[in-house]
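Here's a quick briefing to read with the model open beside you.

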Amino acid sequence: MFGRAPKKSDNTRYYEILGVSKEASQDELKRAYKKAAIKNHPDKGGDPEKFKELAQAYEVLSDPEKRQIYDEYGEDALKEGMGGGGAGHDPFDIFSELFGGGFGGGSRGRRQKRGEDLVHPLKVSLEDLYVGITKKLSLTRNVICSKCSGKGSKSGASMKCAGCQGSGMKVTIRHLGPSMIQQMQQPCNECKGTGEAIDPSDRCEECKGEKVVPEKKVLQVVVEKGMKNGQKITFPGEADEAPETITGDIVFVIQQREHPKFIRKGDDLFYEHTLTLTEALCGFQFALTHLDGRKLLIKSNPGEVVKPDSYKAINDEGMPVYQRPFMRGKLYLHFNVEFPDSLTDEQRRSLLAVLPQKVNNELTDMEIDECEETTLHDVNIEEEMRRRQAQARSQEAYDEDEEMHGPGGGQRVQCAQQ
Ligand SMILES: [Zn+2]
Ligand SMILES: [Zn+2]
């Protein structure tokens with residue numbers, strides 16, 4: 001139909017830009033575009049080129065006819081079909097169609113403000129992040145009253161707020177002293193800063209003039225395998241609605257609860273295991289229950305001695321990699337070895353009989369005579385280190401004090417990072 005050989009190579013880019021499969025439904029396309037467009041909106045500091053590309057891709061794929069042409073003949077065919085000019089529409093218009101406005105970027109003359117994002121922490125276990133989970137969360141949010149379409153009145157009319165004469169702001173004056181006043185400007189409390197009022201008899205019965213009504217909503221939050229602590233799951237445009245406001249997002253921030261046995265570092269897992277001295281020397285085996293309930297048999301190689309504070313790793317038993325479900329990190333095993341506190345004479349004799357011979361470093365009586373006697377005390381080295389650090393800190397504070405009061409003292413620029 002375009003008088004050219006079908007070209008199959010260039011008909012996936014738009015799908016890639018939106019991050020959807022070629023089989024994506026209109027709904028999926030819309031969602032993918034919404035999410036990406038919000039993220040890349042220039043008014044929010046996004047890349048304008050990327051924003052344009054997204055709009056272009058969405059414009060084509062959301063139109064079944066254009067999509068078919070694109071699928072069959074690729075991007076170039078579309079450009080010809082659309083009359084040479086290429087993607088025709090303003091990316092901001094495409095965005096507005098879905099969201100009903102921009103982000104209030106002054107340069108584009110759109111003054112609509114953006115509602116606040118609702119940010120919730122989402123507590124999950126390491127098991128949840130390992131296997132993935134869908135959490136149902138119910139919440140109440142404000143939606144535009146459908147009865148009055150967000151006007152707040154039956155007639156759709158509104159009047160100027162008497163409290164602020166329609167400005168939305170109120171100036172209050174406080175007398176601080178005989179000749180001192182403080183002038184403060186605050187949003188008007190009577191109209192909540194909107195500047196308008198609704199006649200009591202004209203109030204919408206549904207929302208009592210509030211323009212919005214609370215609505216219960218259940219959100220299905222999909223925690224995908226391999227997601228990380230601090231990662232955000234965003235529901236674009238699902239926060240509180242308000243008239244003439246672009247609805248903000250609901251954002252869940254993953255907070256991983258600490259696990260008693262496993263520690264996660266990136267895509268790797270660390271597992272600490274304590275061996276007895278006998279196990280460390282003569283071999284061991286134990287069953288390790290993984291985060292999905294599988295039991296892994298962990299055993300030493302025959303004849304192998306495990307040293308204290310040593311590590312071993314099992315490939316592909318770490319965390320699943322986010323959105324690459326077949327890739328996994330490593331599982332590191334950290335071995336401690338528990339030594340006995342003391343040995344009996346008999347144990348010592350038996351050990352001497354089997355262990356490698358002591359190196360011949362026996363001192364002669366004369367050499368001993370030349371040495372001074374010492375006593376070895378038990379110490380808790382961590383505590384000792386803490387005490388040293390505390391001492392060093394108090395010394396530092398003392399030094400700083402000296403400087404503060406030194407010549408030219410008073411103020412000193414301090415580095416924020418120390
Ligand atoms: Zn007012
Ligand atoms: Zn209403």
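Predicted model: local features only at pLDDT ≥ 70, side-chain atom pairs only at ≥ 80, totals over all residues.

Residues are numbered from 1 along each chain as its sequence is written, while chains are lettered from A and ligands numbered from 1 in the order in which they are written. The protein chain holds 10 helices and 19 strands; helices (H or I, at least four residues) and strands (E, at least two) are DSSP runs, numbered from the N terminus.

**Overall numbers**

- Of the 418 residues in the protein chain, 19% count as buried; that label needs 20 or more other C-beta atoms within 10 Å of the residue's own, exposed means 12 or fewer, and partly exposed is in between, with C-beta atoms placed from the backbone.
- Among contacts with a separation of 6 or more, 65% link residues 24 or more positions apart; a contact here means two C-beta atoms, placed from the backbone, within 7 Å.

**Confidence**

- The protein chain has a mean pLDDT of 84, and 84% of its residues reach 70 or more; pLDDT is the predictor's confidence in each residue, from 0 to 100.
- Residues 101-110 have pLDDT below 50, and in the model this stretch has 24 contacts beyond near neighbours in sequence.
- Residues 406-418 also stay under 50 in pLDDT, and the model gives them 3 contacts beyond four places in sequence.

**Nonpolar cores**

- The largest nonpolar core has 17 residues, and Leu18, Tyr33, Leu54 and Tyr58 have the most contacts inside it; such a core is a set of buried Ala, Val, Leu, Ile, Met, Phe, Trp, Tyr and Cys residues joined through C-beta atoms within 7 Å.
- Helix H1 (13-18), helix H2 (26-40), H3 and helix H4 (64-81) each put at least two residues into this core.
- H3 gives the largest share of this core, with 6 residues.
- A second, separate core has 11 residues, including Val223, Met227, Leu331 and Leu333.

- H3 has 14 residues and should span 20 Å at 1.5 Å a residue, which agrees with the 20 Å between its end C-alpha atoms; the expected span is 1.5 Å times one less than the number of residues.
- The buried residues of H3 are Phe51, Leu54, Ala55, Gln56, Ala57, Tyr58, Glu59 and Leu61.
- Phe51 sits in helix H3 (residues 48-61) and counts as buried because it has 22 C-beta neighbours inside 10 Å.
- Phe51 and Phe92 are 41 residues apart along the chain, with 8.7 Å between their C-alpha atoms.
- H2, with 15 residues, reaches 21 Å from its first C-alpha to its last, close to the 21 Å expected at 1.5 Å a residue.
- In H2, the buried residues are Ala32, Tyr33, Ala36, Ala37, Ile38 and Asn40.

**Sheets**

- One open sheet of 4 strands runs in the order E12-E13-E19-E16 with mixed pairing; strands pair if DSSP finds at least two bridges between them.
- Strand E12 (262-265) and strand E16 (310-314) are at the edges, each with a single partner strand, so one side of each has no neighbour in the sheet.
- Inside that sheet, strand E13 (residues 268-276) and strand E19 (residues 331-338) are parallel over 8 bridges, and Thr276 stands opposite Glu338 in E19.
- Another open sheet has 3 strands in the order E2-E11-E9, again with mixed pairing.
- E9 and strand E11 (residues 250-256) run antiparallel and are joined by 4 bridges; Ile233 has Phe252 in E11 as its bridge partner.

**An uncovered hairpin and an exposed lysine**

- Strand E5 (residues 169-177) is hardly covered, with 0 buried residues among its 9.
- E5 pairs antiparallel with strand E6 (residues 180-187) over 8 bridges, and the two form a hairpin with 2 residues between them.
- Lys170 has Gln186 in E6 as its bridge partner.
- Lys216, in strand E8 (residues 212-223), counts as exposed because it has 8 C-beta neighbours inside 10 Å.
- Leaving out residues up to four places away in sequence, Lys216 touches Ser138 and Thr140.
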